[in-house]
Amino acid sequence: MADPNDNNFLDDPEAAEAEAYASEMEEIDEGELALEEIMAERDSYKERFMRALADAENARKRSDKDRREAENYGGSKLARDMLSVHDNMKRALEAATEDQRAVSGPLLEGIELTMRELLSVFKKHGITPITPEVGEKFDPKLHQAMFEAPVPDTKAGDIIQVAAEGFMLYDRLLRPAQVGVSSMTG
């Protein structure tokens, strides 16, 4: 813009107008440059915010998954240790003869009630028995072969004896069922 102290500023109005226009354009260019910088900074903050939001959502999902796994599988060591209690009670009940049942009926009934309660607690906490039957096919995902023996009228891989039940904790194997497997070929 023309200097008002300059006496010649009114002599050339086109030059004064051009100077004023150039000055305005310079201010606009500086303003546009500042606006572009602000917009770039805004976009950078927006991108960082979106990443932080995605990270927070992923962390929430991970912690939910970890919490669910801790709820479901956190007691697996205790559950595994309780399986021997189940096995011993089952063996005690299976070993009782009719004479012993006549003499110690109430004691054996108490053991049976305790066994039912234990199985109820197992079920409540997602522990289910794996009870293979003789003649079923051996499944290495669920069974552990304790021995192999050639048994007539069986096929290789058939279960010929069940030594101990296995157990699942929800969808995870807690203990495989211990079985004997046929080794017959042909």
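The model is predicted: local features need pLDDT of at least 70, side-chain atom pairs count only at pLDDT 80 or more, and totals for chains, interfaces and linings use all residues. Residues are numbered from 1 along each chain as its sequence is written, and side-chain values use heavy atoms, with hydrogens and water left out.

**The largest pocket**

- The largest pocket has a volume of about 230 Å³. A pocket is an open set of points, on a 1 Å grid over the protein atoms alone, where a 1.4 Å probe fits, with protein on both sides within 12 Å along at least five of seven lines. Its volume is the space filled by probe spheres set on the points, which are joined across faces, edges and corners.
- Lining residues have an atom within 4 Å of a point. There are 14 of them, and the closest to the pocket centre are Gly-75, Leu-78, Ala-79, His-125 and Ile-127.
- Helices H1 (13–73), H2 (76–95) and H4 (105–124) each supply at least two lining residues. H2 gives the largest share, four residues. Helices (H or I, at least four residues) and strands (E, at least two) are DSSP runs, numbered from the N terminus.
- Nine lining residues are nonpolar, four polar and one charged. Here Ala, Val, Leu, Ile, Met, Phe, Trp, Tyr, Cys and Pro count as nonpolar, Asp, Glu, Lys and Arg as charged, and the others, Gly among them, as polar.

**Aromatic pairs**

- The count is two aromatic pairs. Rings of Phe, Tyr and Trp (its six-membered ring) pair if their centres lie within 6.5 Å; planes under 30 degrees apart are stacked, over 60 edge-to-face, and the rest tilted.
- Tyr-73 and Tyr-170 have ring centres 6.0 Å apart and planes at 90°, so they are edge-to-face. Tyr-73 is in H1 and Tyr-170 in the loop between strands S4 (166–169) and S5 (172–175), 97 residues apart.
- Tyr-73 is buried at 14% relative accessibility, while Tyr-170 is partly exposed at 37%. Buried means under 20% relative accessible area, exposed over 50%, partly exposed in between (1.4 Å probe, protein chains only).
- Phe-122 and Phe-167 are also edge-to-face, because their centres are 5.8 Å apart and their planes at 80°. Phe-122 lies in H4 and Phe-167 in S4, 45 residues apart.
- Phe-122 is buried at 4%, and Phe-167 is buried at 0%.

**Leu-83**

- Leu-83 lies in H2 and is buried at 1%.
- Beyond its neighbours within four places in sequence, Leu-83 contacts (heavy atoms within 4.5 Å) Phe-122, Phe-167, Leu-174 and Arg-175.
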